[in-house]
Amino acid sequence: MPETLVWPQIRGRERDGNSIVLGLRLPRELAYFEGHFEDCPILPGVVQIHWAGLLFLREFDADLVLQRMEVVKFKRLLVPEMEVTLYLDYDPERLRLAFRYRVGSVENSSGRLYWSKK
C-alpha cells in the first residue's frame, strides 16, 4: 500500500528573523486532492491554513495555541503539481502570523492567525 502524503514537498527554505519563505511543490498524490474534486482537484483552503499554522510552529519551535483567524482570503486555486511559495511573517509581540501562498507574483491565498501561550 502506498504511503499517504499529507505534506507538500519542501523545495527551499529561507529564514530572516521572524520571516520564513518556503518553496513548496504540491504532489498529485496528496491525500487532500482525492475527492476534492474529481475532474478538477484543488487544495482545500482549510489545508492551506493548517499547513501555514503547523509549519510556523515547527519552523519557529513555538509552543502556542491557535486562537483565531482574520482576513483569510482564497483568490486563486492551488492544484496538483503546482510550485508554490509560502511566506510566513511572525509578529511575536502580537502573537500574530501573516501567511501568503503565491505562485510567481500572483497571491493565491492569505490570512492572519493569532496565537496564545499555553
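A: Phe 37 counts as partly exposed, because its relative accessibility is 46%, which falls between the cut-offs for buried (under 20% relative accessible area) and exposed (over 50%), with a 1.4 Å probe and protein chains only. The model is a predicted one, in which local features need pLDDT of at least 70 and side-chain atom pairs count only at pLDDT 80 or more, while totals for chains, interfaces and linings use all residues. Residues are numbered from 1 along each chain as its sequence is written, and side-chain values use heavy atoms, with hydrogens and water left out.

Phe 37 sits in the loop that runs between strand 2 (19–25) and helix 1, where helices (H or I, at least four residues) and strands (E, at least two) are DSSP runs numbered from the N terminus. From Phe 37 to Glu 83 there are 46 residues in sequence, and their C-alpha atoms are 20 Å apart in space.

Glu 83 belongs to strand 4 (residues 83–91), and with a relative accessible area of 42% it too is partly exposed. Leaving out residues up to four places away in sequence, Glu 83 touches Arg 11, Leu 24, Arg 25 and Val 103, a contact being heavy atoms within 4.5 Å. With Arg 11 there is also a polar contact from side chain to side chain, at 3.4 Å; this term means a pair of N or O atoms within 3.5 Å, and within protein one must be able to donate a hydrogen and the other to accept it, while residues adjacent in sequence count only if both atoms are side-chain atoms. The C-alpha atom of Glu 83 is separated by 9.9 Å from that of Ile 10, although the two residues are 73 apart along the chain.

Gln 48 counts as buried, because its relative accessibility is 3%. A polar atom of the Gln 48 side chain lies 3.1 Å from the backbone oxygen of Leu 43, and, not counting residues up to four places away in sequence, Gln 48 touches Leu 43, Phe 74, Leu 78, Tyr 101 and Ser 109.

Arg 102 is part of strand 5 (residues 96–103) and is buried, with a relative accessible area of 19%. Its side chain has a polar atom 2.4 Å from the backbone oxygen of Ser 105. Beyond its neighbours within four places in sequence, Arg 102 is in contact with Val 84, Thr 85, Tyr 87, Glu 107 and Asn 108.

These places belong to a chain with one helix and six strands, which follow one another as β-β-α-β-β-β-β along the sequence. Of its 118 residues, 38% count as buried, and among contacts between residues at least 6 apart in sequence, 59% join residues at least 24 apart. The C-alpha trace spans about 45 × 35 × 25 Å along its principal axes.
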